[in-house]
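Please read it with the structure open beside you.

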Amino acid sequence: MKKSSPIFFALAVVVIAGAVYYSVISQNGNQLPNGFVQGNGRIEAEQVEIAPTIAGRVAKVLAPEGGMVAAGDVLAEMDIDELSAALDRAKAEVALARQTKAEAEALVLQRQSEKRRAAQELERATALLTGNTISETVFEERETIHQVAAAVLGAAKARVATAESRIAAAEAEVRRIEAQIEDSTLLAPMPGRVLYRLAEPGEVVGSGEPILTLLSLENVYMEIFLPAREAGLLPIGAEARIVLDALPEYATPAYVSFVSPEAQFTPKQVETLDEREQLVFRVRVRIPQDLVESRIEHVKTGLRGVAVIRINSASAWPEALEQRIPQELFE
């Protein structure tokens, strides 16, 4: 125990020094060298509501609250008993429509044969009428039979077209129900952490009613608010460092991904460096995705801290802000 005392003492000195530095830059932006600006904020990430496309009963909720999930993981499953029954019925409708079409096609062949026979009879009657072998009454009967045969053939062909339409409609219904069944398995659209579990198995939820709230870890950022004279100098992509209350002796590399085009009044939940300036611009400082992915198990939203942004690329970063979070800290 005595041999380890110097190590603990040195570690305490580092932590205290980092905390003192963090406290100074948090309370007085003038301590920063020229070419840098800063603002207070907290780590945030996009929230995604996981909800079914149709109303139904929740069968399973597989993701625990606070658990990490990867893209494509099954988060929850809806009860599909009714959908399965509807799918069976729709498939039966497809089979019936196809059978109806087959019968209609067979009827078309029969009507075509009748029409050919009627056409032949009419042709003979025309020749006999020319030779005065038959009366005009008989000829007109043959002509009427031919016209009826043609009309009946047309009706039979229309039945085939109707059957084809019914097949298409029934197949579309099958695809629709299959899509609903597929959508009844709720998957994670991106890697993240389950923030809230809002429904349990057995509960009935409406269409679009969330079952889980997923905290996306693809876009982790800190939002700060800067006065116009500082925000106006910020280029998109400007290099930044995030210093968290929990890790005051380290700086996390980041960059400016968004600057609001409109000014707004200072939000009540944000403490600004200069309270006399009421109009500020919202600035989003994003942590690179590869850095988030390498430490995704340790990403936590809500951590408060300070974002320091370099607005002049020629300015050298202060030594304390050039430090990185070591990988061994998370091992």
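1. Lys 101 is partly exposed, with a relative accessible area of 22%; here buried means under 20% relative accessible area, exposed over 50%, and partly exposed in between, with a 1.4 Å probe and protein chains only. Lys 101 forms a salt bridge with Glu 164, and the closest N and O atoms are 3.4 Å apart, where a salt bridge is a side-chain nitrogen of Lys or Arg within 4 Å of a carboxyl oxygen of Asp or Glu. Because Lys 101 lies in helix 2 (residues 81–130) and Glu 164 in helix 3 (residues 136–183), the pair ties together parts that are 63 residues apart in sequence. Glu 164 is itself partly exposed, at a relative accessible area of 40%.

2. On the basis of the note, this is a predicted model, in which local features need pLDDT of at least 70 and side-chain atom pairs count only at pLDDT 80 or more, while totals for chains, interfaces and linings use all residues. Residues are numbered from 1 along each chain as its sequence is written, and side-chain values use heavy atoms, with hydrogens and water left out.

3. The structure holds ten salt bridges, and a second one to inspect joins the side chains of Glu 173 and Arg 176, at 2.7 Å from N to O. Both residues lie in helix 3, three residues apart, which is about one turn of the helix; helices (H or I, at least four residues) and strands (E, at least two) are DSSP runs, numbered from the N terminus. Glu 173 is partly exposed at 29% relative accessibility, and Arg 176 is partly exposed at 40%.

4. Arg 282 and Glu 223 meet through their side chains in a salt bridge of 2.8 Å, N to O. This pair links distant parts of the chain, with Arg 282 in strand 12 (residues 279–286) and Glu 223 in strand 8, 59 residues apart. Which of the two categories, buried or partly exposed, applies to Glu 223? Glu 223 is buried, with a relative accessible area of 12%, whereas Arg 282 counts as partly exposed at 22%. Elsewhere, salt bridges that share partners join Lys 101, Glu 105 and Glu 164 into one network.

5. Turning to the strands, four of them form an open sheet in the order 5-4-2-7, with antiparallel pairing; two strands pair if DSSP finds at least two bridges between them. Strand 5 (185–187) and strand 7 (204–205) stand at the edges with a single partner strand each, so one side of each is left without a neighbour in the sheet. Strand 2 (residues 56–61) pairs with strand 4 over three bridges in the antiparallel sense, and Val 61 has Ala 76 in strand 4 as its bridge partner.

6. Strand 1 (residues 36–50) is joined by seven bridges to strand 13 (residues 304–310), and the two run antiparallel. Gln 38 stands opposite Val 308 in strand 13. Strand 1 also pairs with strand 8 (residues 212–227) in the antiparallel sense, over seven bridges, and there the bridge partner of Val 48 is Leu 214 in strand 8.

7. The charged end of Arg 241 sits over the ring of Trp 317, 4.3 Å from its centre, and Arg 284 lies over the face of Tyr 221, at 3.9 Å from the ring centre.

How values were computed:
Lys NZ or Arg CZ within 6 Å of the ring centre and 35° of its normal.
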